[in-house]
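Here is a short briefing for a reader new to this structure. Look over the sequence and the model, then take the points below topic by topic.

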Amino acid sequence: MRALLAEGAMALAVAPEANLSSGGAAGSPTGPLWWVSQCHGVWYSLAVMLPSLAFVGFLAWQARRSFRRLSYGRSHVVVVAYYALLWAVAVLNLLWCFLQAWQCMPDRAFSWNVLSLFTKSGMLFLEVSLIAFLLQGNDASGFESLARTFVISGAVVAADVLLKTIYVFGFGVPLFIDADQGTGGKWGLWILHKLVLTGVYGLIVFMHHSRWRDRLPAKPAYYNYVCAMLLLNGLSLLGCFLVASGAGFGLWLYNVTTVCYHSLYLPLLYVTFLADFFQEEDMLLENVYYSEMKDAGFFDADWD
């Protein structure tokens, strides 16, 4: 068992060249599932593929009920837009997880960079919009307050996309090749990215334990979400620092946080922010159906 765990852990940090040299030359894949093990290895690929596939399957299974709840007149257009955005990002993330082999294909480098740029930007938009929602505190009027965050989130993500586009397509920095240590410029940008997010989540946690606690939403699930994201971004920041310093363990740590982010973030977001909304809509729909049936006289016999 220890040997299997050690093998799975080392697979997260192995470089593409090592996989190619041990599993065959690039451009000559063998086996029906060569794309699972070609780049990062089987353990890494399965760790990102299976949870992402399960979450998209869950969304598809709940789609009919969710659409019925969202079509109810009480649902705000922002909630509908946010649910649609969640669907789009979940599908993009699923493609990103299943096309990991593109990282090790020189002829697929452009496609991989474009896919990674759209996927990470979509997930960042969700993350920034929820940070803005939390910072509005108790002045926020439920999910309708997300409408005021979309413009700010869009501006932040647009700036992030522009900067990453210049790095990737302008300077040729392998920003989205997770198994490549790359250059100092690559890790400098990721350090800045993770430092900002860690600082914001740390600020929210500090507010929760200070006299400004009443300015934050009182729901415990929101605080748990912030703590989880603070831990994840903090570990990712540490990994970036270690890689930039030349420590091989840093690449392993960074890849572990990447796996956790792409496989668990969207389910965490759904459970924290959307599950309660859909549950509340279910109760309202049941009350509406009961009222309609009562007005139609279905329960008159119960009073006789």
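Contact here means heavy atoms within 4.5 Å. With that cut-off, Glu127, Leu130, Phe133 and Leu134 in helix 7 meet Tyr222, Tyr225, Val226, Met229 and Asn233 in helix 10. By class, this contact of helix 7 with helix 10 has seven nonpolar residues, one polar residue and one charged residue. The model is predicted.

**The chain as a whole**

- The chain has 304 residues, and buried residues make up 44% of them.
- Its secondary structure comes to twelve helices and zero strands.
- Read from the N terminus on, the elements run α-α-α-α-α-α-α-α-α-α-α-α.
- Take the contacts between residues at least 6 apart in sequence: 73% of these join residues at least 24 apart.

**Helix 7 against helix 10**

- Two packed helices are described by the angle between their axes and the distance between the axes.
- Helix 7 covers residues 109–135, and helix 10 covers residues 220–244.
- The two pack at an angle of about 130 degrees, and their axes are 12 Å apart.
- That angle makes helix 7 oblique to helix 10.
- Their crossing is left-handed.

**Helix 7 against helix 8**

- Helix 8 spans residues 150–170.
- Helix 7 and helix 8 pack at an angle of about 155 degrees, with axes 9 Å apart.
- Angles over 145 degrees count as roughly antiparallel, so helix 7 is roughly antiparallel to helix 8.
- The crossing of helix 7 with helix 8 is right-handed.
- From helix 7, the residues in this contact are Phe110, Asn113, Val114, Leu117, Ser121, Leu124, Phe125, Val128 and Ser129.
- From helix 8, they are Phe150, Ser153, Gly154, Val156, Val157, Asp160, Val161, Lys164, Thr165, Val168 and Phe169.
- By class, the contact of helix 7 with helix 8 has twelve nonpolar, six polar and two charged residues.

**The nonpolar cores**

- The largest nonpolar core has 32 residues.
- Those with the most contacts inside this core are Leu86, Leu126, Leu134, Tyr225, Tyr265 and Leu266.
- The elements that give two or more residues to this core are helix 4 (42–61), helix 6 (77–98), helix 7, helix 9 (184–208), helix 10 and helix 11 (248–295).
- Helix 11 gives the most to this core, with seven residues.
- Leaving out residues up to four places away in sequence, Leu86 touches Phe55, Leu126, Leu266, Leu269, Tyr270 and Leu274.
- There is a second, separate core of 25 residues, which includes Trp112, Leu117, Val168 and Cys240.

- Asn113 is in helix 7.
- Is Asn113 buried or exposed? Asn113 has a relative accessible area of 13%, so it is buried.
- Not counting residues up to four places away in sequence, Asn113 touches Val168, Phe169 and Phe176.
- Asn113 and Phe169 are 56 residues apart in sequence, but 8.6 Å apart in space from C-alpha to C-alpha.
- His193 is found in helix 9.
- The relative accessible area of His193 is 14%, so His193 is buried.
- With neighbours within four places in sequence left aside, His193 is in contact with Leu124, Asp160 and Lys164.

- Ser66 has its place in helix 5, which runs over residues 63–71.
- Ser66 has 1% relative accessibility and therefore counts as buried.
- The C-alpha atoms of Ser66 and Tyr83 are separated by 9.1 Å, and the two residues are 17 apart along the chain.
- Leu46 is found in helix 4.
- How does Leu46 count: buried, partly exposed or exposed? At 34% relative accessibility, Leu46 counts as partly exposed.
- Leu46 and Cys97 are 51 residues apart along the chain, and their C-alpha atoms are separated by 8.8 Å.

Key. Residues are numbered from 1 along each chain as its sequence is written. This is a predicted model: local features need pLDDT of at least 70, side-chain atom pairs count only at pLDDT 80 or more; totals for chains, interfaces and linings use all residues. Side-chain values use heavy atoms; hydrogens and water are left out. Axes are lines fitted to C-alpha atoms, for helices over the stretch in contact, and angles run from 0 to 180 degrees between N-to-C directions. Helices (H or I, at least four residues) and strands (E, at least two) are DSSP runs, numbered from the N terminus. Angles under 35 degrees count as roughly parallel, over 145 as roughly antiparallel, 65 to 115 as roughly perpendicular and the rest as oblique. A crossing is left-handed if the near helix is turned anticlockwise from the far one by less than a right angle, and right-handed if clockwise. Ala, Val, Leu, Ile, Met, Phe, Trp, Tyr, Cys and Pro count as nonpolar, Asp, Glu, Lys and Arg as charged, and the others, Gly among them, as polar. A nonpolar core is a set of buried Ala, Val, Leu, Ile, Met, Phe, Trp, Tyr and Cys residues joined through side-chain atoms within 4.5 Å. Buried means under 20% relative accessible area, exposed over 50%, partly exposed in between (1.4 Å probe, protein chains only).
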